[in-house]
Amino acid sequence: MSAIAATPAKTLPEHHYLNATYGIRSWLLTVDHKRIALLYLVSVTFFFFIGGFFAMMIRLHLLTPSGYLLSADTYNRMFTMHGVAMIFFFLIPSIPAVLGNFFIPLMIGAKDLAFPKINLLSWYIYVVGGAFTLYSMVSGGLDTGWTFYTPLSTVYSNSAVAPAVVGIFITGFSSILTGLNFLVTIHTMRAPGMTWFRLPMFVWAHYATSIVMILGTPVIAITLALAGMERLFGLGFFNPAMGGDPILFQHLFWFYSHPAVYIMILPAMGVISELIPTFARKQLFGYHFVAAASLAIAVIGFLVWTHHMFLTGQSTYAALAFSFLTFLVAIPSAVKVFNWTATLYGGSISFDTPMLYAFGFLGLFLIGGLTGLFLGCLGTDIHIHDTYFVVAHFHYIMVGGAIMGYLGGLHFWWPKMTGRMYPEWLARIAALILFVGFNLTFFPQFLLGYLGMPRRYHVYPPEFQVYNVMSTAGASILAIGYLMPMIYLTWAAFFGKVAGDNPWPATGLEWKTQSPPLTENFEVTPVVTWEPYDFHNRPDLGLDAVAVNEVLPAHGHD
Amino acid sequence: MHRTGELYGQFKTLEQQKETATLGMWIFLVTEVMFFGGIMLAYALNRHVYYPAFAAGSNTLSLKLGGFNTVVLLASSFTMAMAVWSSQVGKKTLISIFLLLTISLGFVFFGVKYVEYSQKFHHHLVPGKKFDIFYCVNNPAGCPDVDADELMEESKLLDEAKAADPDLNSHAQLYYSAYFGMTGLHALHMVIGAGLLFWLLKGSLAGKFTPQWNTPVDIVGLYWHFVDIVWIYLFPLLYLIDRHK
Amino acid sequence: MQPTTYLVIILTLLFLTGTTVWAAFVNLGRFNIVVALAIATLKATLVVLFFMHAKYSPKRTKLIILAGIFWLALLLGMTLSDYITRVDYRGVRFPISQVTQQLPAQRG
């Protein structure tokens, strides 16, 4: 280890949050935000496997054009449950509930979140909602698409709509309470000296995400409640036979579900904003602009939902307005990409695994975001709506963006969470495998969509088979890229090399505590006197102008 | 609940704790605004498109009962505000008295709602297979609580509405979807509120609330007032459509 | 906040309730709903400002309240803007509102 990083510890600290208390009750009744984060880690990973299983069924089935594996009805259930599991039970909670819960109090110098018991309640609500949805899956599944369009979902579908709707309704409250907890915590629990503009960008990102959670999730809650009541009790708002309007359902549904995609990407952007300065050894370029861009994405993200409905016969004037606003919402995202790139320029870049994920994010999010413009443009959307172009677009953002951010964050903070370092070379190989697998899976889908292959169909014209086979092959490679970190991160948590307080080193307040942290995080409330991402002026971390200019050896591991 | 005025571990001062709790409740109320907002949107659109059906539906509601309930709920907001004031000035007995009054008014509201809902059930006005907005007009014997004059008026109204909308029965179900959806959700929130009030009453009878620490009373008060505000909107939206004849 | 203030507010609220019922029996055509909502909003404002102490709360609280109202307005306004600005192939504006005819009193 270099003289710059803190002296490596040969053993873990004697007392920390993992060994503070023992037994299953101490975990299931914990109010420690760090333990709750680990509870979430286990549950979201479980649902990731479930969503992944359905993805595997989809890709296997699409190897041939004529539907050899599944019937049309079963295929509908596969893509529906893939979407439901991945969106509501993996992507939306992932970074906020795991990394946000764990690190927001540490980053602001607090002992815990504002409402620790509500934090635990959030997890239980998630589990109960998940149980209802699992029940729906095992009792035959859902065939309406994760979008639950009416009147298929409320009147005509013969699948287990009601339990799934109840499950997602319940899980929504988990999201609302987490967002509420974060907003209040960031407002009232910051340590002395931790002013708004000294906050890590990860915290800003979660603040913006929490605003979206608070204002958007209640709307899907009422929408699902109304849809559920229509299915169970015959209320009629969305049923044309009674004079109701299916487009009203779509408006209400997408009012949340569009901002929901910002719930999924903003935290990942927050992670990237931590990774790039750390591994380029340089202050985040344009801190204020990146913070403002996060808030701008959160707000403008609420103004664009109708772009999911361009082909429903809505008003042309409204469509024009929403298309314009959709182009507008791309601007703050672009601002962030420019700022990250500018941070890299002139930096001292090292290619540790978290940075590989950050690079992956930059490229893939860029592609995903740019292709969104084709979809937001009214004329081109007519041709590519409901095709694989859309599927590729959102997978580039959700997987190429959000999941890369999640994995990058997990790797970056794993030494802090567990006290032990993951195996670096294995991790780099896994990242590369994931990147190759991902592109092989989803790039052909852009071509398929452009060439006209519709989404959500269980058969396709034979001329599309080559790209579909490429996509399925890529999916198998991608699966390996996911399985590898699951295995080695778990192994490293118990048997990895002891990491020490600050293996990278990074400048956040969380890196000043021991690894793993104490239950109460800080023995003494810290007083913050430094600016964020200041790699030149942090003698307390061994970072000063002289040290940074040295050639840095690989840090944190051999 | 922890002992009176105890500082929870993650806070540094009681002031920070109170500020946090109050901020949390206000943010929660914003989520409730968006929650009710969704069904308000459904109401707004459908009322505009199916005005005759909504007018017909609204006129089957008892203005007396609805108006009475509005007064009851406003009064309960007053007694709740007085309970909060009592806790701020340290008049411990008054807190319990006002909380009890608030709870009682809440139960009066539930009672009236029960009467209204059971009336709807008997008059075949619940959305579903048995829904029939003409039921009372065609079967006066089945609706003994409606007198002959009211039936005459209702018959006239329904004929006029049917002339404007031949599909009246189908569309009137949308009005009742809104009625049961909105008042049902509101009642559910009131039940939760009543539960919270009972919990507060338990605390106030044990003398837990002092001028230094009355946060639970304060934030439950905020919740109760919000529930009142929802009804302030529901009353004109559901009970006062096309009442001028 | 003194009990006398609360008393004044509750009496005002009761008076406004009476007003809204009275106004419902006056034929204002399509302005009935406007008047009803205006009175309801006035009542709600009194409850928020005085019973919920918003008038005496920090700026942050007022911002949160305004944000909530603004977002509700977004939901209602932007969704209805789709319906209101629709024009069908015959050139009929807001076609969905033509489904049923108006009641005689409404036309007044």
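Residues are numbered from 1 along each chain as its sequence is written, and chains are lettered from A and ligands numbered from 1 in the order in which they are written. Because the model is predicted, local features need pLDDT of at least 70 and side-chain atom pairs count only at pLDDT 80 or more, while totals for chains, interfaces and linings use all residues; side-chain values use heavy atoms, with hydrogens and water left out.

**Stop 1: chain A**

You will find 16 helices and four strands (DSSP runs numbered from the N terminus: H or I of at least four residues for helices, E of at least two for strands). Its C-alpha atoms fill a box of roughly 70 × 45 × 45 Å along the principal axes.

**Stop 2: helix H10 of chain A**

Now select residues 316-344 of chain A, which form helix H10. Its 29 residues reach 43 Å from first C-alpha to last, close to the expected 42 Å (1.5 Å times one less than the number of residues). At the start of H10(A), look for Ser315(A): a side-chain oxygen there comes to within 3.2 Å of the backbone nitrogen of Tyr317(A). After the helix comes Gly346(A), with a positive phi near 80°.

**Stop 3: where chain C meets chain A**

Show chains C and A together. Here 13 residues of chain C are in contact with 21 residues of chain A (heavy atoms within 4.5 Å). The two chains bury about 1400 Å² between them, 73% of it on carbon and sulfur atoms (accessible area, 1.4 Å probe, lost on being put together and summed over both parts).

**Stop 4: where chain C meets chain B**

Zoom in on Arg60(C) and Glu19(B), whose side chains meet in a salt bridge at 2.6 Å, N to O (a side-chain nitrogen of Lys or Arg within 4 Å of a carboxyl oxygen of Asp or Glu).

Methods
Polar contact = N/O pair within 3.5 Å; in protein donor to acceptor, adjacent residues only side chain to side chain.
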